[in-house]
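Visitor: I am new to this structure. Could you show me how to read a few of its features?

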Amino acid sequence: MYNVTIGLEVHCEINTNSKNFSWAKNSYSEYPNENIDTVDLGFPGVLPVLNKEAFRKSLMMALALNCKTPDVVMFDRKNYYYPDLPKGYQITQMTKPVGIDGYVMINVDGKDIKVGIHDIHLEEDTASMEHFSDYSLLDYNRAGVPLLETVTTPSLHSADEAITFLETLKGIFLYTGVSEARTDRGEMRVDVNISLSKDDTLGTRTEMKNINSFNNVRLAIESEIKRQTEILDSGKIVEQETRRFDEKQLKTYLMRSKADAIDYKYYIEPNIPPIKISDEYINSIKKEIPMLQFDRVNKYMNELGLSRYDAEILVHDKQISDYFERVISMGVDAKSASNWITTTVMGYLNKENKKISDICLKEEYLVELIKLVQDGKISSKQSKQIFEHVVTENKRPKDLVKSLGMTQITDENVIRPIVIKLLDDYPNLIEDHKKGKNTFDFFVGQVMKQTRGQANPSITANIIKEEIEKR
Amino acid sequence: MKSIMDLRNDLDNNKTTHTDLFNEAILKAHKYQDEFNSFVTIMDNMYYTKSDTLIDGIPYALKDNFSTKGILTTASSNILKDYIPVYDATVYKKLKDAGAVLVGKTVLDELAMGGTGTTGHTGSVKNPWDPSRQIGGSSSGSAASVALGIVPFSIGSDTGDSIRKPAAFGGVVGFKPTYGRISRYGLFAFASSLDHVGVFARNVKDTAIVTDIIKGKDERDMTSLPDENINYVDNLDNDIKGKKLFYIKEVVDLNLYKDAGEETISVLNKFYETVEKCKKLGFEVDEVSVDEKLLKAIYPSYMTISCAEATSNNSNLTGIIFGPRGEGKNINEIMFDARTKGFSELIKRRFIQGSYILQRENQERLFKNAQRLRRIIVDKMNEFYEKYDAMILPASGGIAPKFDSEIDRMSDRYLILENHMAIANFGGFPSITIPNGMVNNMPIGLNITGACFKDSLTLNIANKIEEELGYKNLIKEEYDV
């Protein structure tokens, strides 16, 4: 067995109206070369103009990842020739990126792990290319889209940790609204660096570029661990190189060796003057960062007494988590709110493929519904029916209880005669009960049937118990 | 030759029309084209939008490295020989909006890299004063078109001295203001940190009029400066009594040029005559000293930085999105072929140098050291500007060279006297060349370089000196008469 060390470079497109250095629309399009501009096509004489929103969001992400932000932000040029890079260089950051030396807390199997962030920098995306046997097609819609690259330190040690980090990072993108981070649209792409070693020193690493789904990251890591293990087991040494992961073969293939590494000839971008960052500006951004998933899970567990499982379900979608917090702030206990939201509400949302903001479920309605059940006004089964009406008709639960005639029967004087009649009708089942057979549920069921489900189940159960004991 | 203000009066008094001025300019442009080769493109049609500025209806020429929508823009390079831009440079747009009328796009040294006017893809530009001589470059055609009297002003770009040197050789005024004063948007980049947009005219006042029109903050250029809300043309006659000028001993000391030819001595003597005239005008003029080693480092530092930036800036010229598509079995071969065929040998040599300079293992020793030297030189200049208002020096160590002349690039004259004007590009200083008389029947220039943001004062000083010298509105035709 070897110690596995993994570092990730995660590219994520930022959610803005226009591109990073031009006025072209930053928007996913099915039609090639629709959102393009002279700047992104690198026509002679064009100059980059930094998108303020992209800049602000990149700083927000840097702060969310606990990075140090510089007093002056600068941009650099990365020079190389490729048709997907119209200017022949990419504007990126090396000298003074938006953030350095940060960390992200992740939780893997109940254990908290601190993942180091080497740096986070703002750059521009390239065009997308499609290669055919004797020609290639270029789509410049993506060229110039603001791209944030998050570089971890080599502080991950398994595929699980890597995937959890990616999930956590994606959560931060979503929570801050910096990106939608949709891997299905190539908005989030991952480079994996991986090395194996017998001891604490780092082994020789290989890099796998541009992996476009978390599942493929897992598969790539697993296959590369296997490959490097085999090399080391046979007494050979791993070469430092860039490899390509083939998702069909589940194998990695050599792309280029270290000797062929490109010299990107970085130098400071002369067309973007250094940008001073004031404390005020940083503070105004900090204020906009909401509490993130990791902290919310801990809060829900430690302060609200929820299980990790429930807490993690609740925080998965920020809208849900925010909804949950509003509901409990209105006086419902966290457990009930959590049960309702994670089962009934989310079940409905999943079934309908909707978001919480898409449906008519005002927080006060859910609170009312929960309280109706807790006060014994309606049964839990009835509450589910009312829920369906609330979300489709946007009516108050209390009004629905009335209009649907769903008031619960809690009056013993109504329930007791029904129970007595029932026990009279089935004397043999009482005998069976006393012999230890479970016929109790049958009696409850019958009462419910006769009251069309309106009898309060716990009151009913108590009366049945009392009446059986009398006989 | 009529100035912009003369033409303005003629237009306002209905003595002429913008159409007449355009047609006269076009006629002259064609008349001189074969002999002097100022233009890549002479306009067939007039595009005119009425305005109420001083340059409304005035014809002008534009260097062929400014993007002009729908009008061929070649940068005098084969790789762009058929390139028709889809957008307007800010300078061009401002001139259009101000009512100026474009006469043509002028020849430059290929991609603005060079100072001879001999490397453009449509051939060499000749000096209007003597066609056997160069006009200099890279804004060769813009200088020649004004020196020939085709247009009263033209637009150029200046990375090392590409406006101010040809202005000197052509006997006209050439000015580049502070870095960022005029938007570079639409100027085909050579070396972005050194590139400036500027103006040629036949007198300082016309220069100021045009600069007032084209200066200003541009949301398309992040390096453009905030607006100052002053008109340079209104401040040309401010009193300069007590203003302080300096010149650098190690550039103009006659003792350094004992072995130089009679021509250089004449240029230097003319300079010292001008120094005396400046004193008479009320300027204080001091001689200052700068380490010669630092001055000798200007040219190599300039070449190092400019070649490095040029390599990167011109990496968009691959024939993939625009320009002639190369041939080859794969994408790399296609780009390689387009660039091999599209650039002249000289350009390729500069790109290779630039690429070498930027390589990881060489950056510290070459690129970063050149930048350090640049910084030291600029700091030294700023020290002087704490005490002085402007530096004056000869724009060149001689008159315009013959086409077949051999230049010893390592000589002191070449290293310092021919290249010191790049200081203004290093620091982004406003810098102007005005005619300083004649040597061997060829014009020579006086360069005046002010402190950053002191554009108005620099023009003010230039205007006062110009008045005293009296070499205004020079053109060969009239001078001979």
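This is a predicted model: local features need pLDDT of at least 70, side-chain atom pairs count only at pLDDT 80 or more; totals for chains, interfaces and linings use all residues.

Visitor: At what angle do helices α10 and α12 of chain B pack?

Guide: Angles from 65 to 115 degrees count as roughly perpendicular. Here α10(B), residues 298-313, and α12(B), residues 345-358, pack at about 100 degrees. They are therefore roughly perpendicular to each other. Their axes lie 7 Å apart.

Visitor: Which residues make the contact?

Guide: From α10(B) come Thr304(B), Cys307(B), Ala308(B), Ala310(B) and Thr311(B). Among those from α12(B) are Arg350(B), Phe351(B) and Leu358(B). By class, the contact has six nonpolar, five polar and one charged residues.

Visitor: How far apart are the end C-alpha atoms of α8(A)?

Guide: At 1.5 Å a residue, the 19 residues of α8(A), 334-352, should span 27 Å. The end C-alpha atoms are 25 Å apart, which agrees. The helix also bends by about 35 degrees at Met346(A). After α8(A) comes Asn353(A), with a positive phi near 55 degrees.

Visitor: Which parts of chain A do the buried residues of α8(A) pack against?

Guide: They pack against α6, α7 and α9 of chain A. The buried residues include Trp340(A), Ile341(A), Val345(A) and Leu349(A).

Visitor: How many C-beta neighbours does Tyr281(A) have inside 10 Å?

Guide: Tyr281(A) sits in helix α4 of chain A, residues 279-288. It has 14 such neighbours, so it counts as partly exposed. Leu59(A) is 222 residues away from Tyr281(A) in sequence. In space, their C-alpha atoms are 9.8 Å apart.

Note on methods
Residues are numbered from 1 along each chain as its sequence is written. Chains are lettered from A and ligands numbered from 1 in the order in which they are written. Axes are lines fitted to C-alpha atoms, for helices over the stretch in contact, and angles run from 0 to 180 degrees between N-to-C directions. Helices (H or I, at least four residues) and strands (E, at least two) are DSSP runs, numbered from the N terminus. Angles under 35 degrees count as roughly parallel, over 145 as roughly antiparallel, 65 to 115 as roughly perpendicular and the rest as oblique. Two residues are in contact if their C-beta atoms, placed from the backbone, lie within 7 Å. Ala, Val, Leu, Ile, Met, Phe, Trp, Tyr, Cys and Pro count as nonpolar, Asp, Glu, Lys and Arg as charged, and the others, Gly among them, as polar. The expected span of a helix is 1.5 Å times one less than its number of residues. The bend at a residue is the angle between axes fitted to the seven residues ending there and the seven starting there. A residue is buried if 20 or more other C-beta atoms lie within 10 Å of its own, exposed if 12 or fewer, and partly exposed in between; C-beta atoms are placed from the backbone.
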